[in-house]
Every structure is written in C-alpha cells, then in structure tokens.
Amino acid sequence: MDKIAQQLNHFWNYFLHHELTTLTIIMFISLGIFFLSWLIEPRRLMNGILFTLAFLIFLSWFAVLIFSQNNKALTYTFGSIAILLFLTISLLVVFSWAFFLWNAYFVWKYESHSLPNLLTLFIGLALVGIWFIERIGLLRHLPQWVNLILTAAIVITIYLGIVMYNFLVNLLLYQFTPRGYKQDYLIVLGAGLINGNKVSRLLGARIDRAIAYSNKQYDKGHKRPKIIMSGGQGKDEDLSEAAAMKAYAIKHGMPEEYILLEDKSTNTQENMVFSKQIAIKDFGNNKFRAKFFTNNYHLFRAGLYAKLAHLHANGVGATTRLYFLPNAIIREFAGTFIMHKKRHFFIIGLIALIFIIQAIVISFGWAKYRIL
C-alpha cells in the first residue's frame, strides 16, 4: 500500500508541475478511445459517455493552455466567453417552458392534435405549474419526510435528464456515420399512410433520400443497390406500406427491377428482421452490405433495433421540419428508454427506496439512523 501511495503521490507532483503535458496525453487517449469505440460500433450507448468525457477533458486542456500563456487579454476573453456560455445555458434551462409552449403552438397549428404531438405542450404546462407552486411557497411548510419524497422525485428527474442527454449526444453523433457508397441494399423503413393509401411527407422524405443515395452510388461508378421497401399493412390501410412506397419510388424515377418488398412488418424491429431475411434470400448469404433509411430523429433508435437483429447496417437520416423535432425526439427517447427499461427501473427503484427508507426513519423519529 505504501508503494502505491508513493506512486500516486509522485504522479500528482508530476501533474502539478507538468499539468499541460499530462492533460495533453490524457486528452489524446480519451479522444482515441472515443473514436475507436464510435468507428467500431456507432450504435453503442457508451459512445455518448465517452464523447462527453473526452470533451470535458478537452475543455480542461484548453483552459490550462490559455491560462499558461500569462496573457491577461487572452485570459479575460476566454473567461468572458465561458461566463457568457454558462449564462446562456442557464437562461435556456430557466426559460425552457417558453420554448416548449412555443413549439407546442406550431405543432398545434400545422400537425394533428394527437397525444404524441402534444408532448411539448404538457411539458411546458408542467414546468409552468412547478414554477407557480414554488413561487407561492406551497412546499415550504411540508413535513420533513414529505420533502424527502419530493427530493427523491427531483433526483430521479436529474437521472432522467442525464440519460436523455446521453441519448441526444448519441443521436447527434449517429448522424455522421460514414456513408460508404458501396452498398448492396438500401432498406427504407415504412410509416403510416395518409387516408390508407398515400405516402406521407415524412415517409416520402425517407424514400427520396434512398433514391438520391442510389443515384449517387451509381454515379460514382458502383453498381446500383436494390431498395427494400419495408412496411406491412395496417388495419386502416388499403394496401401495404411497402406497396405504396414502391409506387412512390417508381413515380420518382427508381427502376422497378431494383425494388424489393418486405410487406409483413408492423414495427421497427420487424422492419430490420424481415428486411434482413429478404436481403439474405436475394443475395444468397449474409455477407451483403446495407444501409437503412428513416427520418433523422428516428435514426439512432432504429440503429439499436438493427443491432438487436444482428443486421450490420447503419442508418442515413432524412431531414424533418424543425418544429416537429422536439415532440419526435421526446418520443424516441421514451422508446429507447423502454428498450433498456430493466436497467433504468432498477436505478430509479433504488433511488426511490433509499429516500423512502429515510422518510420512514424520520417519520418514526429515528434520527440516529438518518443518512440523508
């Protein structure tokens, strides 16, 4: 133990005298670990954590580099930018209710009034309600054990915020996966049809992106990939989504002989599993190269389903109207959360249990057993 302590003390002394050199080495190691992990498997949730860690180390390195120059103008400039950035983020958090309500207005104006499209409205109203309760001091005179229960809710909310942040980082990173225009198949994920027979704007954007990808690959001198239209027939639809998608693609210039249909799937997981079967049957083995196409907000969760199906394919996202993104991303986060519900519910349950036990301890007056 003494030897280990001496080594740690030696490292700490070296860091204090060579902090920039040490941070430079640590920064390149952390960036290398992140890039290696992301390039090997961009659908790994750990990538968001590795990226955040590497970014924080980079910021630390940059701060040490600035302050080591002993240049007052440079130091004040950097400090001012850091303070301004902190204040901007703080204001965005404080007034996030305004953003959610503003977004809800546009969704209400241009989209259907379905429950999934009203998520930002509910969140905005909830934030306003919490602010109002805090302002009137409704929670200030509650028993201590009740405050502990409310604190548990706050801690759980913070945990959910961290999980959502990691999801958002991964969603953003996944948009930049290498394209690689040497594909055998392009899988277009289906979506609901308008009036039971018409391709929606969202679905059309996916097909358009796949056709553009096919044309670009062909223009680069490679073989034209086949497009697998993936989507079954819902109870309220006159034909399968795959059939409607094929008709749309042919109308927009895609040769019919390069289109395959997968018309049995009812969800994203089945899209991946059944499309893989179609590709294997057509190709003759599972050594084919493929990309899947969906809207940008759905890209990462679809990638997770592809991973579960052992489909070696990354996604290409079609653009979506900006006002539609907040509701859509919240739904995607919820879907990804449910995919890993056992892990999250265990952690949430553990947090709740700790605070509930402490609330019981306080309510019975067992102060000597209190740990919170």
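Modeller: Before we turn to this predicted model, one term is needed: a pocket is an open set of grid points with protein on both sides within 12 Å along at least five of seven lines, and its volume is the space filled by probe spheres set on those points. In that sense, the second largest pocket holds about 580 Å³ of space.

Colleague: Which residues line the second largest pocket nearest its centre?

Modeller: Of its 27 lining residues, Gly190, Ala191, Gly192, Arg206 and Thr268 lie nearest the centre, while helix H8 (201–219), helix H10 (268–283), helix H11 (299–308) and H12 each supply at least two residues of the lining.

Colleague: How many of the residues in that lining are nonpolar, polar and charged?

Modeller: The lining of the second largest pocket has seven nonpolar, 15 polar and five charged residues, where Gly is counted among the polar ones.

Colleague: And what makes up the lining of the largest pocket, by class?

Modeller: There the lining has 31 nonpolar, five polar and one charged residues, around a volume of about 2000 Å³. Its 37 lining residues include Val93, Ser96, Phe100, Leu127 and Thr157, which lie nearest the centre. Two or more residues each come from helix H4 (72–94), helix H5 (96–110), helix H6 (119–135), helix H7 (144–174) and helix H12 (325–339), and H7 gives the largest share, 14 residues.

Colleague: Why is H11 called largely enclosed?

Modeller: A residue counts as buried when its relative accessible area is under 20%; eight of the ten residues of H11 are buried, so the helix is largely enclosed by the rest of the structure. The buried residues are Leu299, Phe300, Arg301, Ala302, Gly303, Leu304, Tyr305 and Ala306.

Colleague: What covers the buried residues of H11?

Modeller: The cover includes the helices H7, H10 and H12, together with strand E1 (185–189), strand E4 (290–295) and strand E5 (313–318).

Colleague: Where does Asn195 lie, and why does Asn195 count as exposed?

Modeller: Asn195 sits in the loop between E1 and H8. Its relative accessibility is 70%, and because exposed means over 50%, Asn195 counts as exposed. Asn195, which is not a glycine, also has a positive phi of about 55°.

Colleague: Why are H3 and H7 called roughly perpendicular?

Modeller: Helix H3 (residues 46–67) and H7 pack at an angle of about 95°, with their axes 8 Å apart. Angles of 65 to 115 degrees count as roughly perpendicular, and the two helices are therefore roughly perpendicular to each other. Asn47, Gly48, Ile49, Phe51 and Thr52 of H3 meet Tyr165, Asn166, Val169, Asn170 and Leu173 of H7 in this contact, whose residues divide into five nonpolar, five polar and no charged.

Definitions and conventions. Residues are numbered from 1 along each chain as its sequence is written. This is a predicted model: local features need pLDDT of at least 70, side-chain atom pairs count only at pLDDT 80 or more; totals for chains, interfaces and linings use all residues. Side-chain values use heavy atoms; hydrogens and water are left out. On a 1 Å grid over the protein atoms alone, a cavity is a set of points where a 1.4 Å probe fits but cannot get out, and a pocket is an open set with protein on both sides within 12 Å along at least five of seven lines; lining residues have an atom within 4 Å of a point. Helices (H or I, at least four residues) and strands (E, at least two) are DSSP runs, numbered from the N terminus. Buried means under 20% relative accessible area, exposed over 50%, partly exposed in between (1.4 Å probe, protein chains only). Contact means heavy atoms within 4.5 Å. Axes are lines fitted to C-alpha atoms, for helices over the stretch in contact, and angles run from 0 to 180 degrees between N-to-C directions. Angles under 35 degrees count as roughly parallel, over 145 as roughly antiparallel, 65 to 115 as roughly perpendicular and the rest as oblique.
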